[in-house]
Amino acid sequence: MTLQPLTPVNCAGLLQPGCSLLQLDGEVLLFGQKGWPKRSCPTGVFGVRFKRGEMKLRAISFSNDSCYLPPLRCPAVCRLDPYDGLPESYLIHGGRTPNNEISSSLYLLTMDSRGCNRKLTLRCKEKELVAEVPGPRYGHTMSMVQSRGKTACVLFGGRSYMPSGERTTESWNSVVDCPPQVFLFDLEFGCCSAHTLPELSDGQSFHLALAREDCVYFIGGHSLASDSRPPRLFRLHVELLQGSPLLSCETLDNGLSISSAIFTRMGPTHRYIILGGYQSDSQKRMECTTVILDEKGIHFEPVETPKWTPDIIHSRTWFGGSSGEGSILLAVPTEGRPSQQDMHYFYQVSFQTEGETREEDGTLGCSQESTDYDDSTPLEDSEELYFGREPHELDGSSDGEGDAYNEEDEEDESQTGYWIKCCLGCQLDPNTWEPYYSTELHRPAMIFCSRGEGGHWVHAQCMELSETLLLKLSQGSKKYFCLDHGGLPYQEMTPPRHIIPLKRITMKAKDKKRPLTIKMSPAKKSFFRRLFD
């Protein structure tokens with residue numbers, strides 16, 4: 001067990017209480033926050049990377065057919081392992097937005113594709129629920145159960161605003177515990193049913209829910225009605241019968257007095273470790289507990305706690321989430337210290353042995369994706385440099401094929417997709433590539449050579465270009481050729497644009513305003529001249 005301090009690199013303000021950490025396709029994703037220090041990021045989902053004691057974030061993009069996913073805090077998040085040919089995914093329900101709006105929507109988050117250099121693209125779809133639909137809430141839980149070859153989702157607990165009929169001027173924004181109902185819905189048809197059980201008599205929020213097969217265990221939680229955290233432990237048994245489901249609940253004695261705790265899964269078995277949380281409003285729970293789910297039930301075992309730092313011991317609040325199997329990201333506030341610019345201290349708690357940690361580090365080191373990001377502001381394209389080409393020319397080109405999913409690319413990216421578009425003397429190895437220019441975030445900077453059939457791409461590093469020259473070329477409007485086609489980075493100017501002059505349409509004679517004139521004969525003119533003289 002280790003406790004390692006982390007240094008956030010321009011991302012400390014993005015992690016706030018209520019955020020969620022997801023693990024999808026081997027990556028750790030931060031969900032629930034919105035914004036980017038240098039550039040806008042409308043998605044609100046970031047990839048989290050840990051390297052040499054530093055924590056860095058990278059914005060994650062969504063597919064074009066995705067719906068908008070608002071930044072939700074304290075939602076119910078449930079992981080769906082691959083089953084029946086469906087990929088691994090996450091269900092996200094409810095949550096509270098930064099504008100204190102409570103959501104009632106259900107989203108399904110999956111991986112869309114792996115593009116060039118293993119760039120992750122997500123897909124988000126909103127699932128519609130029918131029948132007895134749960135209302136908007138936050139601080140609740142969702143769990144997956146399997147019974148008789150069927151799969152369903154269990155939703156329980158949470159808080160919401162006081163009903164509109166009970167609100168007054170003083171309690172307009174007051175929150176209350178949701179009724180202690182258990183909602184059960186299937187993912188295929190979205191049909192939802194509400195169940196009231198006599199054992200669940202009080203509202204429960206910010207509790208833990210651990211599921212194994214057809215049983216769900218509700219651990220701890222906070223009740224607003226009594227303002228307490230009793231050591232509660234319920235076991236919910238779900239039978240998915242052919243007609244209507246059958247639910248039964250049992251109260252167990254060996255519960256925990258805890259709320260807002262963090263848990264992480266240890267391997268493929270049903271073994272978890274609980275860390276953090278609160279025993280009361282002014283007392284944190286500093287112990288760690290192992291939870292084991294088996295055929296006999298649930299078992300709790302104490303675990304040796306990390307050597308807490310003084311900042312963690314004396315802090316009033318803390319939060320975080322699971323950053324992988326046996327790993328937890330922990331954050332504590334700086335308590336208003338003027339010398340500390342960041343708002344929180346960050347730590348990574350690892351419950352793995354040293355051998356497992358080294359093996360995991362070695363696996364991450366073989367990734368093709370670079371984890372070094374520069375603090376400098378990227379170029380407008382920020383991912384790839386296009387030289388001497390207009391935006392309309394890029395729409396129909398084949399340069400973006402690396403972003404599309406291709407099954408052959410998964411076998412050997414060094415021979416397919418993005419990497420073949422370079423010169424014969426290319427010295428870059430895609431398996432060991434590291435950023436060379438500060439503008440390279442996800443891919444090597446490349447120059448498009450116009451010679452040959454359809455042209456080809458050449459790495460800017462193979463052209464022996466300096467970063468200053470690379471930035472200068474990116475701002476021009478010239479055609480470029482590689483060293484094999486002329487020996488110079490550029491030779492010809494792109495033809496100037498033909499600007500069509502504006503035609504000035506003359507106004508019609510009848511529309512023109514002319515001065516008022518009076519037609520008179522010479523005799524009348526002579527008469528008036530003598531009259532006024």
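1. A salt bridge here means a side-chain nitrogen of Lys or Arg within 4 Å of a carboxyl oxygen of Asp or Glu. With that in hand, a search of the whole structure finds 16 salt bridges. Please keep in mind that this is a predicted model, in which local features need pLDDT of at least 70 and side-chain atom pairs count only at pLDDT 80 or more, while totals for chains, interfaces and linings use all residues. Residues are numbered from 1 along each chain as its sequence is written, and side-chain values use heavy atoms, with hydrogens and water left out.

2. Let's start with the overall picture. The protein has six helices and 34 strands; helices (H or I, at least four residues) and strands (E, at least two) are DSSP runs, numbered from the N terminus. Of its 533 residues, 45% are buried, where buried means under 20% relative accessible area, exposed means over 50%, and partly exposed lies in between (1.4 Å probe, protein chains only). Among contacts with a separation of 6 or more, 55% are between residues 24 or more positions apart; a contact means heavy atoms within 4.5 Å.

3. Strand 8 runs antiparallel to strand 7 (residues 76-80), with five bridges between them, and Ala-76 stands opposite His-93. Five bridges also join strand 8 to strand 9 (residues 106-114), again antiparallel, and here Ser-89 has Thr-110 as its bridge partner. Two strands count as paired if DSSP finds at least two bridges between them.

4. Now find the open sheet with strand order 18-19-20-21 and antiparallel pairing. Strand 18 (208-212) and strand 21 (246-256) are at the edges with a single partner strand each, so one side of each has no neighbour in the sheet. From one strand to the next, the twist averages 20°; the axes behind such angles are lines fitted to C-alpha atoms (for helices over the stretch in contact), and angles run from 0 to 180 degrees between N-to-C directions.

5. Which residue forms a salt bridge with Arg-235? The partner is Glu-250, with the closest N and O atoms 2.5 Å apart. This pair links strand 20 to strand 21, its residues being 15 apart. Glu-250 is partly exposed, at 37% relative accessibility.

6. Compare two other salt bridges. Arg-159 and Asp-177 meet at 3.8 Å, N to O. Arg-159 lies in strand 14 (residues 159-161) and Asp-177 in strand 15 (residues 175-177), so the pair ties together parts 18 residues apart in sequence. Arg-159 is buried at 12% relative accessible area, and Asp-177 is buried at 17%. In the other pair, Arg-79 and Asp-81 have their closest N and O atoms 3.0 Å apart; Arg-79 is partly exposed at 33%, as is Asp-81 at 37%.
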